[in-house]
Every structure is written in C-alpha cells, then in structure tokens.
Amino acid sequence: MKAVVFHARNQPLLLEEVELPFPGPDEVLVQVMACGADITDWKILDGFAYIPKLPIVLGHETAGVVAEVGSEVTSFKPGDRVAVYNYFYCGKCSNCRARREQLCLNMAGLLGILERDGGYKEYTTVPARQLVLVPKNVAWHDAAVCCDAGITAVHAVDRSGVKLGETVLVIGVGGVGAVVTQLCKLAGARVVTVDQSEVKVRRAREMGADTALNSREVDITQAVLDLTEGEGADCVMDVVGVEETVTYGMDSLRRGGRLVLVGYTEERYPLKGEQLDQNELTIIGTRGGRMLDLITTVQLVAAGKIKSIVTDFYPLEKANDALAFLRAGKALGRVVLLTPAGRKAVGRRSTAPPMG
C-alpha cells in the first residue's frame, strides 16, 4: 500500500510502498478514505509543539471504512464508516475517568503525531475504542475534519460557556474558527469575527457571523466597544493565539469576560495583572477535544447544523504540495488529502491542483 512518510526534518515527505498493517486482537484495520492536513502537521515538520520519533506517518484527521477487525472486537464490523479519535488514552487515570481523554496522564500516543502512524496512508490500525461511527450522509472529507478541527471547536465552545444573548468575538476564521462561529450562533450568541483576509471576512458572514471585521482596516477593540455600547464582548475565542490577538482580545472584553485560547504559538503573552484583577477576567485554555466531542461533532454535521469547512482537496500522493499550500497561507478553510479509494468515493471535485 502507499504511505507518505516523514523521515527527516527540513526534508520532503516521501511517498513509499509499505506493508499492509495487521490489526491486533483489540484493533481495527481502517481503509483510509480522507485525511485532513493542517497547521499542526507543518509545526511537527518544523520541530515545534510535538517531536515524534522518526520515521512516522502524519495525519491526525482520519476517516475511512473498517476493512478488518481483531479477534476481540465486537463493536465494529467490516464496512462500517468510521472517524478516528486521535488521542490514545488509557481509560483508567483520573482524567480519563472524568471523560477528559485528551488530558490522559498515561497517553500512549497521538494519531499521526506521537508513537502512532496516522492517515497519510491507505490503511491504518487503531484500537476499536478509538472509533466513532459516521452516518452515510456525512461526506468523507467532512468526517475527516471532525476529528480535529471539529472537536477542537466543539470542546472550546463548551469550555467557554457561551450562552443565549452574549456577544462573542471570534479571532481567526479558518477551519476551527468557522466551526466556532457556527456553534456560537447555535448557542444564541451575537458573533463578531475578525480576520486579516477580506476573503475570510466574507466567508465568516457565510458561516453566520453577525459582524465580520478586517483587522487590517479597523481598530478591533474600538469596533467591539462601539457594537456593545461601550461594554465589550462577553467572550473572546482566540483561534490564532499570537501576542497581538491576545492583547486586543483582552482589551475587547467586558468586565467579568472570558478569553478562550484555542490557537497557540511559541510566543509568550504579556498580561496585565491589574486588568485581570480589576475586571475579574477569566482566561481559559483548551486542548483538542474529548471522545464525547467527536461523537457530538459527527452528530452535528450529520444533522446539517455545521456547514462544511473543507475548501481544498489534494491526492494523498501530493501531501507535500498540500502542506506547502497551507504554509503559504493560501487555504481558505480546511485542506483534505484523499486516498485513491477516497477519490473514487468523493469524485474529482477539487479547488486545488487536479488530483490523480
């Protein structure tokens, strides 16, 4: 089978023929149909955030068809459509018992990131408990991005406590931000979005934003104050996470407001203690999502409550091109790699270079 393998930093990924993996007793062999490619992947290539043991196959947003099940697996059968939860949790520690699997104290790996090969290949094996069934009306590319972009947004909005009647400022409207925008609208909030790209500003309106601002053209804090009669936003969802956005995000909050950090970089943030204390602001960190969040995301997509965030398609064999496209900041939404089987299922629709 074909796999795109990460052998060395600062070198292209290599397309190789590798052996078909065999599922263990509690594992399932998944024929990959679609796999998301995102910023985390090129962060790994740059040696930031995660340092995997090489070689490894990237790809932490994976969806496909069950091809074979291990001898002890009874919950899935060949032919089932599935999405893969990417945190390999122990199920026994205090965090797992509290259903916070992404904070597992004994993490055995992360799909396509640490210890476990991901979906940049035609077949992969995972423990059966990592799988979530995907209804037939969910397209493969949408199922794939449920596994990271989707659960990250669902979990972040859950942690934010956004509710009916609040004003929420969403900073960054790519893949995750587009889902955050839709979820905040579902919660009954007024949503103000921010991006530096006029194309993404227009797209934010399509995702349901009540007001979409271009940070290159307006003073964001002043604009939010004007929209809220001088009070500020109840909640800021920062999907970018650089010093500039954290700073104007904090300045845009009302007294008692919440700043939710969804995105992150290597930067440190200069926070003002007086501003935090005198205004009783809350800063909330959020990491990926729980198994429950993946189940919820798939259900929301199946019910038509989350619009597709996928805008660009590449064949698996052109993974390097997809990552270069991402690194150049050209992606409007989410980028998805399609395996040969996935291309047959999805068709040849593509906003990227021709596939095949």
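Mentor: Helix 3, residues 140–160, and helix 9, residues 291–302, pack at an angle of about 115°, and their axes are 8 Å apart. Please keep in mind that this is a predicted model.

Trainee: Why give both an angle and a distance?

Mentor: Two packed helices are described by the angle between their axes and by the distance between those axes.

Trainee: Is the crossing of helix 3 and helix 9 left-handed or right-handed?

Mentor: The crossing of these two helices, helix 3 and helix 9, is right-handed.

Trainee: And which residues meet there, between helix 3 and helix 9?

Mentor: On the helix 3 side they include Asp-142, Cys-146, Gly-150 and Val-154, and these belong to a group that meets residues of helix 9, among them Asp-293, Leu-294, Thr-297 and Val-301. The residues of this contact between helix 3 and helix 9 divide into eight nonpolar, four polar and two charged.

Trainee: Okay, switching to helix 6. Which residues are buried there?

Mentor: In helix 6, residues 220–227, the buried ones are Ile-220, Thr-221, Ala-223 and Val-224. Seen down the axis of helix 6, its buried residues fall within an arc of 165°, so they line one face of the helix.

Trainee: What covers the buried residues of helix 6?

Mentor: The cover includes strand 10 (167–171), strand 11 (190–195), strand 12 (211–214), strand 13 (233–238) and helix 7 (243–251).

Trainee: What about the start of helix 6, and what follows the helix?

Mentor: At the start of helix 6, a side-chain oxygen of Asp-219 reaches to within 3.2 Å of the backbone nitrogen of Thr-221, and the helix is followed by Glu-229, whose phi is positive, near 55°.

Trainee: New topic, Gln-130: where does this residue lie?

Mentor: Gln-130 lies in the loop between strand 8 (123–127) and strand 9 (131–133).

Trainee: Does Gln-130 count as buried or exposed, and why?

Mentor: Gln-130 counts as buried because its relative accessibility is 1%, and the cut-off for buried is under 20%.

Trainee: What does the side chain of Gln-130 reach?

Mentor: That side chain reaches the backbone oxygen of Tyr-87 at 3.1 Å. Not counting residues up to four places away in sequence, Gln-130 also touches others, including Ala-83, Phe-88 and Met-291.

Trainee: Last one, where is Val-4?

Mentor: Val-4 is in strand 1, residues 2–5, and at 3% relative accessibility Val-4 counts as buried. Leaving aside neighbours within four places in sequence, Val-4 is in contact with residues including Leu-13, Val-57, Tyr-120 and Leu-316.

Terms used:
Residues numbered from 1 in each chain as written. Predicted model: local features only at pLDDT ≥ 70, side-chain atom pairs only at ≥ 80, totals over all residues. Heavy atoms only, no water. Helix = DSSP H or I, 4+ residues; strand = E, 2+ residues; numbered from the N terminus. Buried < 20%, exposed > 50% of the residue type's maximum accessible area, 1.4 Å probe, protein only. Polar contact = N/O pair within 3.5 Å; in protein donor to acceptor, adjacent residues only side chain to side chain. Contact = heavy atoms within 4.5 Å. Axes fitted to C-alpha atoms, helices over the stretch in contact; angles between N-to-C directions. Left-handed = near helix turned anticlockwise from the far one by under 90°. Nonpolar A, V, L, I, M, F, W, Y, C, P; charged D, E, K, R; others polar. Arc of directions from axis to C-beta.
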